[in-house]
Amino acid sequence: TEGLARIRWEYITLHEKARRLQGLVMPRHDRFHTVTPAALGSYGNLSAWSGVDNDNDGLWTGMYVAAQAWRYAASTTSRGSDDEQEASQARAEAWRGYLGLEFLHNVTGVPGWMGRSGVRWGTKHGPGDEPLTGWTNSSKCFAGIDKVGSACCWTWKTDASSDEVVGHMTGLAHLYTHVAETAGEKRRVGRLLCQMMAYIVDHGFVLI
C-alpha cells in the first residue's frame with residue numbers, strides 16, 4: 001500500500017556480495033562486540049535503531065567470527081594492495097567478534113560455561129525461560145568492552161544450549177586456525193576452546 005516493489009536479477013561477484021552484507025551487519029548489529037538483532041525506532045526507518053539482546057548472541061557472533069576468519073584466509077592468498085587492506089579489516093573484525101565471545105564466557109564466572117547474552121545492570125532485557133532459567137548478575141570487568149576504571153555491572157542470561165556451543169566452537173576454531181598468529185593469541189583462543197570442551201566432558205557430555 002506504500003508503493004511499488006520490483007524484484008530483479010543482478011549478477012555480482014561473491015566478493016561484492018560479501019561487501020554488501022558486511023555493510024548491513026556493522027555497525028547496526030554490533031552490541032558489546034556480539035552480533036545481535038536491531039530494533040527500529042519506526043517501521044522501515046533504518047536511521048533510528050538500537051541493539052537488543054537475543055538467545056543466540058553467541059551463535060551469531062561465532063558465525064561472524066568464522067566468516068571473518070575465512071575472509072582473512074582468502075585475502076592473504078594474494079599480495080595486492082587491495083588484499084592487504086581486506087586482510088587487515090577482516091583480522092580486526094575477527095578479533096572484535098572474539099571479544100564478544102570472550103565476554104560471554106567470562107561473564108558467567110564458570111570456566112567453560114557461556115552466557116546466552118548480556119546487558120548492563122538496570123537495562124531492559126528479554127524474558128528468561130522461568131522457572132528453570134533466567135538472568136543473573138555479574139560484576140566482572142572486560143578488556144575491550146568496559147572502560148578502564150569504570151564500574152562493571154552486567155546481567156547475563158543463564159540458559160545456553162547446544163546451538164550456542166556450536167557457534168562458539170565454530171568461530172573459535174576458525175579464529176585459532178586462520179587468524180591467531182602469535183603464541184599468545186593462540187593461547188587466548190585455545191583457553192576458551194579447551195575450557196568449553198572440558199566442561200562438557202566433565203559433566204558426562206551434558207550441558208549443565
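1. Leaving aside its neighbours within four places in sequence, L172 is in contact (heavy atoms within 4.5 Å) with Y98, L101, H105, V189, L192, L193 and M196. This is a predicted model, in which local features need pLDDT of at least 70 and side-chain atom pairs count only at pLDDT 80 or more, while totals for chains, interfaces and linings use all residues. Residues are numbered from 1 along each chain as its sequence is written, and side-chain values use heavy atoms, with hydrogens and water left out.

2. L172 also belongs to the largest nonpolar core, which has 31 residues, and together with L175 it touches the most other members. A nonpolar core here is a set of buried Ala, Val, Leu, Ile, Met, Phe, Trp, Tyr and Cys residues joined through side-chain atoms within 4.5 Å, where buried means under 20% relative accessible area, with a 1.4 Å probe and protein chains only. At least two residues of this core come from each of α2 (57-75), α3 (81-106), β7 (154-157), α4 (162-178) and α5 (183-202), and the largest share, eight residues, is supplied by α3. The helices (H or I, at least four residues) and strands (E, at least two) are DSSP runs, numbered from the N terminus.

3. Helices α4 and α5 pack at an angle of about 150°, with their axes 10 Å apart; axes are lines fitted to C-alpha atoms, for helices over the stretch in contact, and angles run from 0 to 180 degrees between N-to-C directions. The two helices are therefore roughly antiparallel to each other, a label given to angles over 145 degrees. On the α4 side the contact includes L172, L175 and Y176, and on the α5 side it includes V189, L192 and M196. By class, this contact has 12 nonpolar, two polar and one charged residues, counting Ala, Val, Leu, Ile, Met, Phe, Trp, Tyr, Cys and Pro as nonpolar, Asp, Glu, Lys and Arg as charged, and the others, Gly among them, as polar.

4. Turning to α2 and α4, these helices pack at an angle of about 20°, with their axes 7 Å apart, which makes α2 roughly parallel to α4, the label for angles under 35 degrees. Among the residues that meet are L59, M63 and W70 in α2, and V166, H174 and L175 in α4. By class, the contact of α2 with α4 has 10 nonpolar, eight polar and three charged residues.

Terms used
Buried < 20%, exposed > 50% of the residue type's maximum accessible area, 1.4 Å probe, protein only. Parallel < 35°, antiparallel > 145°, perpendicular 65-115°, else oblique.
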